[in-house]
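Visitor: Could you walk me through this model while I have it open on the screen?
Guide: Gladly; here it is.

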Amino acid sequence: MKINIVTTHELLPRFLKLLEQGFFVKAQAGCSIKNLLCEQLHIEKEYLDKRIQTLFLNGKAVDDVERAYLQDDATLALSAAMPGLVGATFRKGGTFAPMRNTISYDAGISIKGEGEACAKLKLFNMVLKELGPIFLANGVWIHKDNFNEFLARYFAEI
């Protein structure tokens, strides 16, 4: 089912909450995170390099976006730099990255694929605020249960 929503600037932050829960994008199976974000979703390489500092692919921290590959049903979470030791530890390519080697994406595993994949994308903090409106304007796929819960939580008064 397709729903078109027109909103005001004041209500936009409510709709951004949908993107924290995750929305779905179509991708080429086996593509790198860099390929998905820059080539397929048209996010500037400079934005990926400088602004998106923390990435998780299927719950694993990612350091090298060119050697982390998406498969069907993958979940990719994107965040700007987070504060403190936790932020420094999870920052891609950061000084403290070796401290999390057991929970980091294994870039040594090269999984290639063919065809189309569907991946869940989650946006957080400044990445959510900066990219969220662009994704919403272009259209997103949301699971119906998430959308119904969202409506009940943020628009119950309407």
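Guide: Helix α2 (residues 33-40) lies across β1, β2 (54-57) and β4 (75-79), running at about 100° to β1; helices (H or I, at least four residues) and strands (E, at least two) are DSSP runs, numbered from the N terminus, and axes are lines fitted to C-alpha atoms, for helices over the stretch in contact (heavy atoms within 4.5 Å), with angles running from 0 to 180 degrees between N-to-C directions. This is a predicted model, in which local features need pLDDT of at least 70 and side-chain atom pairs count only at pLDDT 80 or more, while totals for chains, interfaces and linings use all residues. Residues are numbered from 1 along each chain as its sequence is written, and side-chain values use heavy atoms, with hydrogens and water left out.

Visitor: What's the strand order in the sheet?
Guide: The sheet is open, has 5 strands in the order β1-β5-β4-β2-β3, and shows mixed pairing, where two strands pair if DSSP finds at least two bridges between them. Its edge strands are β1 (23-28) and β3 (60-61), each of which pairs on one side only.

Visitor: Are β1 and β5 parallel or antiparallel?
Guide: They pair in the antiparallel sense over 6 bridges, with β5 covering residues 116-123, and Phe-23 stands opposite Leu-121 in β5.

Visitor: Which helix lies across β1 and β5?
Guide: That is α1 (residues 12-21), which runs at about 125° to β5.

Visitor: Switching topic, where does Trp-141 lie, and what is it in contact with?
Guide: Trp-141 lies in the loop between α5 (125-138) and α6 (144-154), and, leaving aside its neighbours within four places in sequence, Trp-141 is in contact with Phe-23, Phe-24, Val-25 and Lys-26. The C-alpha atoms of Trp-141 and Leu-19 are separated by 10.0 Å, although these residues are 122 apart along the chain.

Visitor: And why does Ile-3 count as partly exposed?
Guide: Because its relative accessibility is 47%, and partly exposed is the range between buried (under 20% relative accessible area) and exposed (over 50%), using a 1.4 Å probe and protein chains only. Ile-3 sits in the segment before α1.

Visitor: How many helices and strands does the chain have, and how much of it is buried?
Guide: The chain has 6 helices and 5 strands, following the pattern α-β-α-α-β-β-β-α-β-α-α along the sequence, and buried residues make up 37% of its 158 residues.
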